[in-house]
Amino acid sequence: MEKKVTLTYNEGKDSLELPVLPSTLGPDVVDIRSFSKTGMFTFDPGFLATSSCESKITYIDGDLGQLYYRGYPIEQLAEQSDYLEVCYLLINGELPTAQQSAEFNRTVMSHTMVHEQLTRFFNGFRRDAHPMAMMVGVVGALSAFYQDSLDINNEEHRKVAMFRLISKIPTIAAMCYRYNQGLPFVYPRNDLSYTANFMHMMFSTPCEPYVPNPVLVRALDVIFTLHADHEQNASTSTVRLAGSSGANPFACIAAGIACLWGPSHGGANEAVLLMLDEIGSVDKVPAFMEGVKAKTHKLMGFGHRVYKNMDPRASVMRRICYEVLNELGLQNDPKFKLAMELERIALEDSYFIERKLYPNVDFYSGIVQSALGIPVPMFTVIFALARTVGWISHWNEMIADPGMKIGRPRQQYTGATKRDYVPADQRG
Ligand SMILES: CC(C)(COP(=O)(O)OP(=O)(O)OC[C@H]1O[C@@H](n2cnc3c(N)ncnc32)[C@H](O)[C@@H]1OP(=O)(O)O)[C@@H](O)C(=O)NCCC(=O)NCCS
């Protein structure tokens, strides 16, 4: 039987039947589109109880610690798939056949170069500009460089924009790093894998050959997979809202990058490294933990707003973290020993166990990225690179939806009521 919610209002005189729309997983949703008949709006700042769209891409159950891309558990994808296959899955809804996969990889890897004029764009930035500031500007500038194939109502054109973004975002991300360092830009190598090519553009020099380490490439590839999508978070919702007006897709992704930059969203792994620097050494850990329990400061990289049992991405990242530290012989590096001591204490301490505070993905990904030689300000850039496919998949899903409407929230107005203008010389 069709589920309905009946709402009684006007002191019990009127009622409204609201249909309940079924979900395949997770809570069903009450369709409040006819709610305006009551002469009222609903109020839900931060969208804590409101679905802003219908989506088939990603599912999260925070209480059970589940994250699925197109139905596939993240642990299986991180273990058995790779980032480009995950990109295909997010965009197309199904895993590719071997032939589809080869074709997809070839297309992505043959569009990695950016317009040469775009490289000059960087000269306008200060050398010490934050790489996320450059990302917002340069990704937005793609809209001025790729002006063909921009009819967003044409499926083929949308595909071209998606390929351009996935192909070029690592090139731009690496350029932000190189520009900060005063190093020459490195052209992509299309014979390498997507992630190995990114490491090549980040770390190679014109002076000697660069051979990417497969263990480290795999670790970064898993980081990309774990960050590829996370359903309707702030940056994804930003991309959808920007895109709902029919805006240029590159500009929409730049809006997503701007939103991700905020410390409440993409900045947590950066905070982990700053915390490790602040603690300094293993002997200072007990005093730091006392401060955490006294609520003087938080243990960064622990706890999550959605995952209250376990962040499924954190278990994968933990394994990768140990593999990378072993591969690089960094097990005894003071900073990483300190991190592992924090993890050990927190996992055994009743304060953290009672509050269900487990290490989150940012705790380990910050450590791994630091071990890979990626500087702290670049952490959020790596996140943006990986999340681009999620943003563009949601943008594509939204544009393809015939019921799509421009996003236009309502408000509860609590300002002044109507009043007449008073000339300046008569104001008291
Ligand atoms: C992510 C975060 C904002 C989630 O917060 P939340 O869901 O609102 O959780 P709450 O603030 O309600 O915390 C519940 C309890 O755990 C404590 N707590 C939460 N995170 C904590 C942390 N990282 N260190 C120490 N105590 C923490 C709170 O003080 C609170 O204690 P109380 O019950 O005694 O008052 C929070 O855990 C946090 O700030 N973590 C550190 C930053 C971080 O790693 N963010 C990345 C998220 S991917």
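Residues are numbered from 1 along each chain as its sequence is written. Because the model is predicted, local features need pLDDT of at least 70, side-chain atom pairs count only at pLDDT 80 or more, and totals for chains, interfaces and linings use all residues.

Start at the ligand. It is surrounded by 15 residues, and the closest are Ala268, Lys298, Leu299, Gly303 and Arg355. A residue belongs here if its C-beta atom, placed from the backbone, lies within 6 Å of the molecule. The shell holds six nonpolar, four polar and five charged residues. Ala, Val, Leu, Ile, Met, Phe, Trp, Tyr, Cys and Pro count as nonpolar, Asp, Glu, Lys and Arg as charged, and the others, Gly among them, as polar.

Now the annotated pair. An unreviewed UniProt entry marks His304 and Asp362 as "active site". Such annotations may be inferred rather than shown by experiment.

His304 sits in the loop between helix H12 (285–293) and helix H13 (312–327). Helices are DSSP runs of H or I, at least four residues, numbered from the N terminus. His304 is buried, with 21 other C-beta atoms within 10 Å. Buried means 20 or more other C-beta atoms within 10 Å of the residue's own, exposed 12 or fewer, and partly exposed in between, with C-beta atoms placed from the backbone. Leaving out residues up to four places away in sequence, His304 touches Asp311 and Asn360. Contact means C-beta atoms, placed from the backbone, within 7 Å.

Asp362 lies in helix H16 (residues 361–371). Asp362 is also buried, with 26 other C-beta atoms within 10 Å. Its contacts, again beyond four places in sequence, are Ala268, Asn269, Val272 and Gly301. H16 itself is mostly covered: 10 of its 11 residues are buried. The cover includes helix H8 (214–226), H11, H13, H14 and helix H17 (379–400). After H16 comes Gly373, with a positive phi near 90 degrees.

H14 (residues 334–348) is one of the helices covering H16. In H14, Phe336, Leu338, Ala339, Leu342, Glu343 and Ala346 are buried. They cover an arc of only 155 degrees around the axis, which puts them on the same side of H14. The arc is taken from the directions from the helix axis to the C-beta atoms. The face turned away from that side carries exposed Pro334, Arg344 and Glu348. The buried residues pack against helix H11 (268–279), H12, H13, helix H15 (350–354) and H16.

Notes: Helix = DSSP H or I, 4+ residues; strand = E, 2+ residues; numbered from the N terminus. Contact = placed C-beta atoms within 7 Å.
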